[in-house]
Amino acid sequence: MLAAIFSAIGIILAKMGLKKVSANLAAGVRTIVVLIFLGLIIIFNKDYQHINNITKHDYLFTVLSGIVSALSWLFFFQALKISSVNKVAPIDKGNVVLTMIFGFLFLKDEYDIYIIIGMIIMIIGIVLMTSDKKDEQTSDDKQQKKCIDSWLVYALIAAVLASASNILAKVSVSNEQVNSNLSLTLRTIVVLIVTWLAILFKKEHKEITNINLKSWFFLGMTGLSTGAWWLFYFKALKLANASLVIPIERLSVVITIILSVIFLKEKLNRKGIIGIILITIGTSLLLVGKI
């Protein structure tokens, strides 16, 4: 649940920090802060002493998880840059459905009727929340249509990649001798490398001098929130089944939407309200099915 809270806070702060910063550069700056935060945790807890417990198998899946996670975040930030939180977040957090499907196929997780019904209800809720909403950032109809199509594509790709990353992350910490904090830090190093390769490829690093103090603050806070989120999330994955941990963490979508209304002044119509209720009910059924 702590992972869910920090996840929601991180998304809101990220949206605030994206106003005058490119999506890739924002993701890159955030990842630097996350890595510094995790590095301090590793040093304080002396987790680095457990590095010899990591096998080649663990390294492989940690690297794969990092690469996929980096790509997911790049697409997520692109979607968040051009659209509102209450449209992007439900799709992003809705990747729990794909994750559970992947869990069934690759991790042999078992599901009952509650989980199946829960997934169907969640999908309906996501559709309601992301349908019939006009993008307030554009006034021209043709440009608006292009913008809507773009954010939706970015968000869907991010969701699929996030689902794959969740499964790879679970495999990477399946070894009981591997320290979850150390595994997360190694994964974050990979995320940092991939993210900055994308930034350098698009030559967006030149824009770093244009980032104002306000954006630096929000991106820095986003990094701290994300670091805390990942710490609690990986610790939970280490201790419990992925299909139980992920639905609880995905409840952050409810917190995210509430915070977006309060702090970002985003509006939620009737369909959106019904959608968030259905997502909550669906997630609850997923948990009932795992208890």
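Twelve helices and zero strands: that is what you get when you colour the chain by secondary structure. Helices here are DSSP runs of H or I with at least four residues, strands are E runs of at least two, and numbering starts from the N terminus. Along the sequence the pattern reads α-α-α-α-α-α-α-α-α-α-α-α. The radius of gyration is 18 Å, close to the 19 Å from the globule rule for 291 residues, so the chain is as compact as a globular protein of that length. That radius is taken over C-alpha atoms, and the rule is 2.2 Å times the number of residues to the power 0.38.

A word on the model before you click further. It is predicted, with local features needing pLDDT of at least 70 and side-chain atom pairs pLDDT 80 or more, while totals for chains, interfaces and linings use all residues. Residues are numbered from 1 along each chain as its sequence is written, and side-chain values use heavy atoms, leaving out hydrogens and water.

**Whole chain**

Zoom out. The C-alpha atoms fill a box of roughly 55 × 55 × 30 Å along the principal axes. Buried residues make up 54% of the 291; buried means under 20% relative accessible area, exposed over 50%, and partly exposed in between. Of the contacts (heavy atoms within 4.5 Å) with a separation of 6 or more, 90% link residues 24 or more positions apart.

**Helix α3**

Select Ser-65, found in helix α3. Ser-65 is buried, at 0% relative accessibility. Show its side chain together with that of Arg-187: a polar contact of 2.8 Å joins the two. A polar contact is a pair of N or O atoms within 3.5 Å; within protein, one must be able to donate a hydrogen and the other to accept it, and residues adjacent in sequence count only if both atoms are side-chain atoms. Beyond four places in sequence, Ser-65 touches Ser-165, Leu-168, Ala-169 and Arg-187.

Stay in helix α3 and pick Asp-58, which is buried at 2%. Leaving aside residues within four places, Asp-58 is in contact with Asn-53, Ser-172, Asn-175 and Val-178.

Next, go to Asp-47, in the loop between α2 (23-45) and α3 (56-82). Asp-47 counts as buried too, at 6%. Its side chain makes a polar contact of 3.1 Å with that of Asn-181. Among the residues Asp-47 touches are Ile-41, Ile-42 and Leu-182.

**The salt bridge**

The structure holds one salt bridge, meaning a side-chain nitrogen of Lys or Arg within 4 Å of a carboxyl oxygen of Asp or Glu. Select Lys-202 and Glu-204, whose side chains meet at 3.9 Å, N to O. Lys-202 is partly exposed at 47%, whereas Glu-204 is buried at 10%.

**A nonpolar patch**

Last stop: select Ile-113, Tyr-114, Ile-116, Ile-117, Ile-120, Ile-124 and Val-288, a nonpolar surface patch with about 620 Å² of accessible area together. Patches take residues with over 30% relative accessible area and no salt bridge, joining like charges within 9 Å and nonpolar side chains (Val, Leu, Ile, Met, Phe, Trp, Tyr) within 5 Å. Helix α6 (residues 113-130) supplies the largest share, six residues. Ile-117 lies in that helix and is partly exposed, at 38%.

Key:
Accessible areas come from the Shrake-Rupley method with a 1.4 Å probe; for residues, only the protein chains shown count as cover. Buried means under 20% relative accessible area, exposed over 50%, partly exposed in between (1.4 Å probe, protein chains only).
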